[in-house]
Amino acid sequence: MLGINHDHINLFSKLSFSRMVNVIQVRWSFYYSKWSKTPKGIAFPISITIEPTTACNLGCPECPSGLKIFTRPEGNLKQELYKKIIDQVHQKTFYINFYFQGEPYINSNFLEMVNYANAKKMYTATSTNAHFLNEENAKKTIESGLSRLTISIDGTTQETYESYRKNGSLAKVIEGTKNVVKWKKELKSKTPYLIFQFLVVKPNEHQIEDAKKLATELGVDEIRFKTAQVYDYKNGNKLIPTIEKYSRYKKQADGTYRLKNKLLNECWRMWSSCVITWDGKIVPCCFDKDATHQLGDIQQTNLQQIWKSAPYTNFRKAVLTNRQNITICQNCTEGTKVWE
């Protein structure tokens, strides 16, 4: 289990009295709703995920953004809409994740958005493929006050890295990482907390130990190994790792695969967080990549109303009573990240 570090301290420092009260209310509502099988006492999101853009420079095989196969509109989050969202939520919401689909740094206003949330004393996090972390952007990232930066590094050689990160350059990832580490030192900043995220798939599982060594050499704060979601897994998939610890799927006696995680009729995310697409649509969670379960539009209605609306209540009710029939839940493995 990970100990307390400066990232945790930074996170806890964002908990004002009103935000702490909201956390308590959310937890009470979640457990009471599980017990009663009916959504009760809905409070307000503890965290929200905001999508800066749907665009991406890579072509990863299990990513709608990389494959350019969205059926929903594509675009970049505008500053006016973004500030409207933050102004609505900042008194009770303290965690902002700037990532859903796409590469956040493609939105030219991304770091200005981080700075705006930071000024509201919110914890800010994002995930990047690090191809845009040149000297200028690395310096601006530190200056923005970004709390946490997760860099995807899915291989320690170019051949392995690009087997999943299509069109990607490992050299650029390493260079971008070095730039961030350098500017953290130059500006004497503890933030952003820098994480390497290694998505374990069959082509790169042999490089897990090498990835740990590389993380240490480059001076990142932590490395995390994440299980990979694949859409077509029942009859096997070339991306499913052979090391079961790092697989979301388990091979059965008949040779087919099933999700290891039990699909319980509950989901903490439905009480604690939501996802907002670049154009203001509210969707339940990050598994709804194509926004098929739209629960509201923040350009037309404020989040407080959407959060407690009939569509949201009905969706939570379905989660509590018949979650296996909700399409986006059928490949969900909440809680299966492997941290070392």
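The chain holds twelve helices and twelve strands. Helices (H or I, at least four residues) and strands (E, at least two) are DSSP runs, numbered from the N terminus. This is a predicted model: local features need pLDDT of at least 70, side-chain atom pairs count only at pLDDT 80 or more, and totals for chains, interfaces and linings use all residues. Residues are numbered from 1 along each chain as its sequence is written, and side-chain values use heavy atoms, with hydrogens and water left out.

**The whole chain**

Along the principal axes, the C-alpha atoms fill a box of roughly 55 × 50 × 40 Å.

Of the 340 residues, 54% count as buried. Buried means under 20% relative accessible area, exposed over 50%, and partly exposed in between (1.4 Å probe, protein chains only). The chain exposes about 15600 Å², and carbon and sulfur atoms supply 52% of that area. Accessible areas come from the Shrake-Rupley method with a 1.4 Å probe; for residues, only the protein chains shown count as cover.

Contact means heavy atoms within 4.5 Å. Among contacts between residues at least 6 apart in sequence, 69% join residues at least 24 apart.

**Helix α2**

Helix α2 covers residues 17-36, 20 residues in all. From first C-alpha to last it reaches 28 Å, close to the 28 Å expected at 1.5 Å a residue. The expected span is 1.5 Å times one less than the number of residues.

Which residues of α2 are buried? They are Arg 19, Asn 22, Val 23, Val 26, Ser 29, Phe 30 and Ser 33. Seen down the axis of α2, these buried residues fall within an arc of 135°, so they line one face of the helix. The arc is that of the directions from the helix axis to the C-beta atoms. Their cover includes α10 (269-272) and α12 (310-322).

The face of α2 turned away from the buried side carries the exposed residues Phe 17, Ile 24, Trp 28 and Trp 35. Just after α2, Lys 37 takes a positive phi of about 60°.

**Salt bridges**

The structure holds 14 salt bridges. A salt bridge is a side-chain nitrogen of Lys or Arg within 4 Å of a carboxyl oxygen of Asp or Glu. Three of these pairs are listed here.

| Pair | N to O distance |
|---|---|
| Arg 72 and Glu 51 | 2.7 Å |
| Asp 154 and Arg 165 | 2.5 Å |
| Asp 297 and Lys 281 | 3.5 Å |

Arg 72 and Glu 51 meet in a salt bridge. They link distant parts of the chain, 21 residues apart: Arg 72 lies in the loop between α3 (64-67) and α4 (79-89), Glu 51 in the loop between β1 (47-50) and α3. Arg 72 is buried, and so is Glu 51.

Asp 154 and Arg 165 also meet in a salt bridge. Asp 154 is in the loop between β4 (148-152) and α7 (158-164), and Arg 165 is in the loop between α7 and α8 (170-186), eleven residues apart. Asp 154 counts as buried because its relative accessibility is 1%. Arg 165 is buried, with a relative accessible area of 13%.

The salt bridge of Asp 297 and Lys 281 links strand β11 (residues 296-297), which holds Asp 297, to strand β10 (residues 281-283), which holds Lys 281. The two residues are 16 residues apart. Asp 297 is buried, as is Lys 281. Asp 279, Lys 281 and Asp 297 are linked in a network of salt bridges.
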